[in-house]
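Please look over the sequence and the model below before reading on.

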There are 2 protein chains.
Amino acid sequence: MEIDLVGKTMENKQIIFKRYTNESVKETDMELKLGNPIKLEAPKGSNAVLVKNLYFSCDPYMRGRMRDFHRSYIPPFSPGSAIEGLGVSKVLDSDDPNFKRGDLVTGYTNWEEYTLIKKTNELRRIQQDDGIPLSYHVGLLGMPGFTAYVGFYEVCAPKKGDYVYVSAASGAVGQLFGQLAKLHGCYVVGSAGTSQKVELLKNKLGFDEAFNYKDESDLESALMRYFPQGIDIYFDNVGGGMLDAALANMRAHGRVAICGMVSQNNRTDPQSFRNMFSIISKRITIKGFLQSDFIHLYPRFLEEITGYYKQGKIVYIENMNHGLETSPAAFVGLFSGKNVGKQVICVATE
Amino acid sequence: MEIDLVGKTMENKQIIFKRYTNESVKETDMELKLGNPIKLEAPKGSNAVLVKNLYFSCDPYMRGRMRDFHRSYIPPFSPGSAIEGLGVSKVLDSDDPNFKRGDLVTGYTNWEEYTLIKKTNELRRIQQDDGIPLSYHVGLLGMPGFTAYVGFYEVCAPKKGDYVYVSAASGAVGQLFGQLAKLHGCYVVGSAGTSQKVELLKNKLGFDEAFNYKDESDLESALMRYFPQGIDIYFDNVGGGMLDAALANMRAHGRVAICGMVSQNNRTDPQSFRNMFSIISKRITIKGFLQSDFIHLYPRFLEEITGYYKQGKIVYIENMNHGLETSPAAFVGLFSGKNVGKQVICVATE
């Protein structure tokens with residue numbers, strides 16, 4: 001149907017980024033903008049593609065782009081413009097010979113109905129596969145899944161039998177990290193913030209143990225209870241007090257991989273650490289990483305994880321909201337743990 | 001002369017460890033004990049050696065042993081017993097066939113005039129060399145020097161042209177680390193706590209730049225001034241605010257080696273960090289290490305560093321105090337930076 005629209009001018013609903021903030025992000029830091037017209041074509045000579053957006057990914061790293069801070073690995077958003085994020089889209093018109101009308105693609109797009117994507121070299125064409133939900137290309141098979149994959153195999157130097165702890169364990173990244181650790185023969189404990197998530201970790205995601213960190217008055221003691229022998233690998237998605245508690249519980253030569261720090265995303269005030277000395281006494285390695293540094297491994301990742309999924313060796317939990325206008329609330333919900341699993345917005349179904 | 005003493009019973013002056021403390025260590029946490037008799041012999045069947053102590057090493061790690069904390073890599077001292085530390089000693093009598101009367105050895109001994117050393121397998125016989133001061137075997141050629149050596153070559157993955165920052169740079173470890181970095185073709189900046197030390201760093205130890213951290217109200221800005229392009233390698237001897245300031249100034253893929261944390265040794269209260277997020281955005285690796293994990297490299301280290309020293313490629317600064325009874329004050333002085341260079345006590349000259 002949408003093919004008939006090519007060349008037409010349509011309304012293009014958008015989610016606009018309004019203002020930088022150092023406070024907790026609120027829905028009112030974004031707004032729905034109606035009536036914005038867009039001509040549904042990829043202009044000749046632009047080398048661009050014009051896409052219809054199908055799924056948006058809500059990811060915690062986006063919080064960093066809502067701060068007026070230019071020294072990070074990714075520039076801040078522009079107030080007044082649509083929010084940029086990863087998504088799954090369908091090509092309506094293409095001036096790039098590598099893409100054609102009807103192609104499904106994933107990569108950076110904008111939070112709007114239709115987007116003219118100029119950086120087509122950063123798009124990946126999706127080989128559609130009825131066995132795999134399209135939205136998984138921003139989750140299990142997208143940046144979060146790839147983060148778990150390289151975090152586990154490339155950063156944490158895992159060994160069979162290692163004791164592995166994952167925080168934010170039911171989230172987009174943590175749930176795959178934990179499952180990969182189980183497949184590798186590790187003992188895996190996850191933490192999350194609701195009893196529902198704890199149940200999922202134990203009964204659906206196959207973690208050996210799981211606990212609700214909000215029920216624990218003393219995280220250091222909680223970890224000592226779940227890891228009486230200590231932790232070999234901590235996959236840190238939250239930072240702050242959880243990282244400090246984990247440091248005290250690491251085994252000698254333990255590895256901490258840091259990629260998230262959700263708990264830090266709304267903070268600029270200092271964080272307290274009591275256990276930094278453990279870094280020396282336990283010879284801990286702490287490694288920050290970005291999945292983008294490992295992009296050469298993406299094809300291998302896609303093949304392996306697709307295989308595991310089809311063999312039923314891993315599962316993936318999504319939190320799907322429907323409608324472009326639900327995006328701001330869904331995004332804000334990430335930081336209070338409202339999402340159960342990977343947060344995705346379904347904008348349109350082809 | 002002392003050979004005549006074998007089998008005799010002598011007074012053995014000792015420095016006794018009195019009590020555990022979480023406060024700053026004071027001289028009164030130790031005491032000189034007189035009148036303690038010792039028979040100068042290694043009993044048959046003991047496999048021990050009886051030594052006369054010549055030099056004691058004052059090292060910051062010893063502070064950790066003055067706390068009643070049993071989860072570290074080395075057990076706490078026993079109140080009422082002589083302080084244990086690294087030293088250089090002369091064998092007066094030996095029941096171990098590997099050592100003989102007159103041998104010079106280095107390893108763990110006690111802060112007393114004569115010691116019966118039972119763990120002789122941890123002693124290293126010193127090949128005496130008139131070109132190298134005996135006391136260097138607890139400094140340049142001892143644990144501190146070895147810490148710098150493995151810290152630089154094995155932990156920091158140095159490359160020619162790297163920008164290297166060393167804190168506590170004129171200390172026992174830092175001064176060698178900086179010189180090795182210079183020999184490797186790095187740009188090296190050190191910090192210290194007096195203008196005298198800053199002068200030594202620049203004019204005697206060959207650092208490219210040096211500064212007095214006590215003159216800086218904002219360490220983060222100070223480092224930005226000395227490293228406008230950022231830091232590739234930070235060798236952290238102090239922890240706390242300096243580590244936090246360095247994190248903000250690291251380059252992408254920067255490495256932080258942590259072996260000291262002198263500033264933490266008297267503290268149990270939490271430390272504030274503002275810049276933990278840099279660990280992710282700059283993909284920083286922080287590695288705690290203990291030189292003892294690399295002990296297989298000791299022979300190579302001895303050969304290389306002895307060679308560099310004899311060729312005049314490196315120098316080593318010692319702060320030598322004289323007399324067993326000066327040990328407590330010298331040790332306490334480490335934590336206020338009183339020592340200029342490696343702190344050693346000369347107990348006897350053969």
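**Domains of chain A**

Domain bounds, as used here, come from an automatic or database domain assignment. On that basis chain A is divided into domain 1 (2–138 + 317–346) and domain 2 (143–292), and the C-alpha centres of domain 1 of chain A and domain 2 of chain A lie 30 Å apart. The contact between them (heavy atoms within 4.5 Å) takes 20 residues from domain 1 of chain A and 18 residues from domain 2 of chain A.

This is a predicted model, in which local features need pLDDT of at least 70 and side-chain atom pairs count only at pLDDT 80 or more, while totals for chains, interfaces and linings use all residues. Residues are numbered from 1 along each chain as its sequence is written, chains are lettered from A and ligands numbered from 1 in the order in which they are written, and side-chain values use heavy atoms, with hydrogens and water left out.

**Area between the domains**

About 1,500 Å² is buried between domain 1 of chain A and domain 2 of chain A, with carbon and sulfur atoms giving 60% of this area; buried area is the accessible area (1.4 Å probe) that two parts lose on being put together, summed over both. Within domain 1 of chain A, the residues losing the most area to domain 2 of chain A are A:Ile317, A:Phe335 and A:Val340, which together make up 34% of what that side buries.

**Cysteines**

With a disulfide taken as a pair of cysteine sulfur atoms within 2.5 Å, the count over all chains is zero. The sulfur of A:Cys156 is too far for a bond, because the closest cysteine sulfur, in A:Cys259, is 9.4 Å away.
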